[in-house]
Amino acid sequence: MLDATPLSAPPTRGMPRNNMLLMLALGLLGAVGVFSLFNPFDRAWAEPPMFAALGAASSLLMMAAAMWAIVLADRRDVAELGLIGNGLLSMAVLSAAQAAVTPDALFDRNEAFGVAGLLVVPVVAASSLPVLFAGTRFGRWGARNWRDWSLLSTLGAFVVAFGLAGLPNIWSTPSAQGPLSVAIGVLALVAMMLIAIRFYHLHTTASSNEFVVMWAAAAGLGISALAPMADVYGLGFWGLRVVGLVAAVSMSLACAAVARRTGRTQDAFAPVRGVDPFLSLDLMASPVVRRHLTSEGNDVEFANTADLALKVADRMGLSIAQRRNLGLAAVMHDVGKSLVPSEILSKPGSLSDHEFRVVQEHAANGAQILATDALLAPCAHIVRAHHERVDGNGYPDRLSGQGIPVEARIIAVCDSFDAITHDREYRRGLPVGLALAILRSNAGQQWDAEVVRYLMLVVADSDLAGPAIDAEMEVPNDLAELLVQVDCEI
């Protein structure tokens, strides 16, 4: 059950003053980037040993911060943060390689120095490709297999780094402002700006300082991609490398901080993330989710219903978009109960007619709450209809048959099954076989017969079934009280 706290006004979106300051700072960084391409004062600080030492130290700092972010992302299974964290680790590896081959320090003059510098920022974008293509088949594949993708990209970065150090003169360094350097720099800049826009939108939703840092850091990394086009050891060369270092470390620390805060949503929405792995950050940023998810025990209850509903939907052949909305609605379908007085929700005995009508309002109230959230609005109609009955005697709109959204029909069956089979303070849960018999006996009246049939197939193939399922088990004659209780629980 969800927190019975009245819905408060939505939080103020964004922090205008901070945004203006950040935009000004990014504008100045952009000016530094443009300035670095021309170096009008023709000044340089040519200190190769100093660059090699600072480069090695900064690479170790980046590696430590990136590894912390990766460990936390792995622990929470946040694909988006894991992909970006591994990109930052690859960046640190290439930065270390560039420091190692610095001419006139540990190595004589070589071609690898310029090549390594050119690849430092693009490897972040390359490692984050699934994030850039979120919503596509490739993006979903990369998110589900983000650990394998990250391992391959990091290994690739190490191979290139050792290749640069081992064979420093077989590479051909592109001209600083030649077509290839400009193309790679611009592509890296665009990729990082797209990631920055993604985090900016999350920031405007959540008003979170971590997301402020993340979008500013992504933009800073993009601007630092212009460094290879600057004169070696010129003002822009040094300045943009400092920008890249600060941005990389800041991004890693912010990713780690966000990953630490995703535990509750990760648990509650675990089945939905199997459909869309990139939902983690959106859910964490959602004001409605943050205000209405409560104890871990309830999170598990929501996840059970969502998991069962998605398995039924998969059997029925629903599309990815339908399954995504179904999963979100299955977890959030009781959000309207936040407006039901707690004394009614916790009442141990039967509800009066007035109390039951108050409880019935939660379906419409839940839809109104979800409609205020851009992420959850597409599933508001499902939540509104999850108490409709196929015979037209449900609420709030008395829909019937195929007029009820299929996702709502699935939630009604799966949540009823979950409620019937689990203990409550005022009753014991019933055996799985008896629960299925009850559903089957009311199929075509209260519940959709096709959904009930698919649920039985799912349960038969799962560990819920137990030693045997007897769907023909005799149903008790008086089910009215049980069904009323179940209707109040789901």
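Of the 490 residues in the chain, 52% are buried, where buried means under 20% relative accessible area, exposed over 50%, and partly exposed in between, with a 1.4 Å probe and protein chains only. This is a predicted model, in which local features need pLDDT of at least 70 and side-chain atom pairs count only at pLDDT 80 or more, while totals for chains, interfaces and linings use all residues. Residues are numbered from 1 along each chain as its sequence is written, and side-chain values use heavy atoms, with hydrogens and water left out.

**Overall make-up**

The chain has 25 helices and zero strands. With a contact defined as heavy atoms within 4.5 Å, 75% of the contacts with a separation of 6 or more are between residues 24 or more positions apart. The accessible surface of the chain is about 21,300 Å², and carbon and sulfur atoms account for 61% of this area. The areas come from the Shrake-Rupley method with a 1.4 Å probe, and for residues only the protein chains shown count as cover.

**Nonpolar cores**

A nonpolar core is a set of buried Ala, Val, Leu, Ile, Met, Phe, Trp, Tyr and Cys residues joined through side-chain atoms within 4.5 Å. The largest one has 71 residues, and those with the most contacts inside it are L81, L88, M91, F199, F211, M214 and M251. Leaving out residues up to four places away in sequence, M251 touches I84, L88, F199, M214, A217 and A218. Another core, of 57 residues, lies apart from that one and has L279, L328, I420 and V458 among its members.

**Salt bridges**

Side chains of opposite charge can pair when their charged atoms come close. A salt bridge is counted here when a side-chain nitrogen of Lys or Arg is within 4 Å of a carboxyl oxygen of Asp or Glu. The structure holds 15 salt bridges, including the pairs in the table.

| Pair | N to O distance |
|---|---|
| R109 and D104 | 3.3 Å |
| D282 and R198 | 2.9 Å |
| D307 and K311 | 3.3 Å |

D307 and K311 are both in helix α16 (residues 296–316), four residues apart, or about one turn of the helix. D307 has a relative accessible area of 31%, so it counts as partly exposed; K311, with 38%, is partly exposed as well.

In the remaining pair of the table, R109 counts as exposed at 66% relative accessibility, whereas D104 is partly exposed at 43%. Elsewhere, salt bridges link D74, D77, R147 and R273 in a network.

**Histidine contacts**

H387 is in the loop between α21 (380–384) and α22 (406–421). With a relative accessibility of 4%, H387 counts as buried. Its side chain makes polar contacts with the side chains of H362, at 3.4 Å, and H386, at 3.3 Å. A polar contact is a pair of N or O atoms within 3.5 Å; within protein, one must be able to donate a hydrogen and the other to accept it, and residues adjacent in sequence count only if both atoms are side-chain atoms.

Methods
Helix = DSSP H or I, 4+ residues; strand = E, 2+ residues; numbered from the N terminus.
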